[in-house]
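Please look over the points below on charged side-chain pairs.

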Amino acid sequence: MLYREALNRAYDEAMALDETVVTLGEDVGLYGGSFRVTEGLVEKYGEKRVMDTPIAELSIVGNAVGMAIGGLRPVAEIMTGNFSLLAFDQIINHMAKLRYMSNGKITLPMVVRFPQGVSKQLAAQHSESYEQMLCAVPGLRVLSVCDVNYAYHALKHAILSDDPYIFIEHELLYNKKGGVNFDEQLDPFKARIAKEGRYVTIVSYLKMVDDVMTAVPEIEKELGCSCEVIDLCSLNPVDYETLKASIEKTSRLVMVEEDHKTGGYGAQIVSWAAEELFYALDAPPLRLAGADVPIPYNRTLELASIPTPDSIAKDVIEWGRKNDV
């Protein structure tokens with residue numbers, strides 16, 4: 001099953017289970033979504049539950065907030081993370097806060113989904129990552145999706161939950177293939193151990209998990225050690241228990257993210273490790289992130305602005321040799 005098909009299946013099952021589940025966004029209906037995630041839903045559930053909207057992201061999320069207050073379970077699709085900036089007032093001042101400001105009298109069972117990150121030559125205005133800003137807003141749960149099985153279970157959980165969720169996907173993962181265990185009782189807040197290892201813990205999320213997995217054979221060959229790779233899955237809350245167990249086993253931490261390095265999300269993970277696990281670390285943590293530049297259109301420069309499998313392998317090997325891994 002493809003990543004986008006797993007998301008579509010989660011949508012379909014949630015809409016079949018609960019008639020209050022609706023979705024809205026640009027081209028989610030007749031076109032089936034910019035990345036085909038909502039394909040076939042309007043034919044099955046009708047235009048009252050699968051609603052095409054104007055190109056107006058603030059209105060899309062604002063309407064979703066109103067729907068949630070009124071008793072529906074809306075899923076708002078934003079075409080890319082960059083466009084979500086237009087909806088930040090509704091996301092931060094309303095979606096995240098109304099439950100608290102109403103003393104719990106208002107709940108917002110809603111999801112805002114969007115893809116983000118560097119694709120292929122979509123340039124600076126379509127390639128950014130905003131998890132660092134959204135994870136800094138109390139009241140939001142933020143999930144990031146790399147694995148196909150997780151995509152199905154996490155989206156279905158988010159849609160049927162009574163909490164407001166930000167659901168982050170990646171444009172280059174929609175055609176990724178993977179298996180789905182439909183009978184699994186998956187905890188969406190539990191980090192996924194993508195590969196077990198003994199000597200280095202490498203933490204990542206979204207597409208960078210796959211790039212790390214591509215780099216790991218070269219790292220293990222050159223350093224003569226095994227690496228444990230952890231997909232965070234949930235960025236807020238974070239499954240610190242799984243990270244702690246891994247770091248106490250390996251005594252070394254590498255954080256890999258596509259986001260810009262200054263102010264990037266990975267700083268939170270490295271800061272936590274320094275504060276809580278300082279004496280368990282045998283080497284300073286290594287943090288690999290994107291350059292502090294707007295994402296270039298030129299493909300060579302675009303690839304130079306983010307970690308790639310080759311650069312991840314090179315940087316981890318250099319760090320490992322320097323720190324006696």
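This is a predicted model: local features need pLDDT of at least 70, side-chain atom pairs count only at pLDDT 80 or more; totals for chains, interfaces and linings use all residues.

**Salt bridges and their burial**

1. Lys207 counts as buried, at 18% relative accessibility.

2. The partner of Lys207 is Asp211, and their side chains meet in a salt bridge at 2.9 Å, N to O. Asp211 is buried as well, with a relative accessible area of 9%.

3. Which residue forms a salt bridge with Glu77? The partner is Arg113, and the closest N and O atoms are 2.6 Å apart. This pair links distant parts of the chain, since Glu77 sits in strand 3 (residues 73–77) and Arg113 in strand 4 (residues 111–116), 36 residues apart. Glu77 is buried, with a relative accessible area of 5%. Arg113 is buried too, at 1%.

4. Arg36 and Glu39 form a salt bridge in which the closest N and O atoms are 2.8 Å apart. Here Arg36 is partly exposed, with a relative accessible area of 29%, and Glu39 is partly exposed at 37%.

5. For the total, the count comes to 22 salt bridges. Side chains of opposite charge can pair when their charged atoms come close.

How values were computed
Residues are numbered from 1 along each chain as its sequence is written. Side-chain values use heavy atoms; hydrogens and water are left out. A salt bridge is a side-chain nitrogen of Lys or Arg within 4 Å of a carboxyl oxygen of Asp or Glu. Buried means under 20% relative accessible area, exposed over 50%, partly exposed in between (1.4 Å probe, protein chains only). Helices (H or I, at least four residues) and strands (E, at least two) are DSSP runs, numbered from the N terminus.
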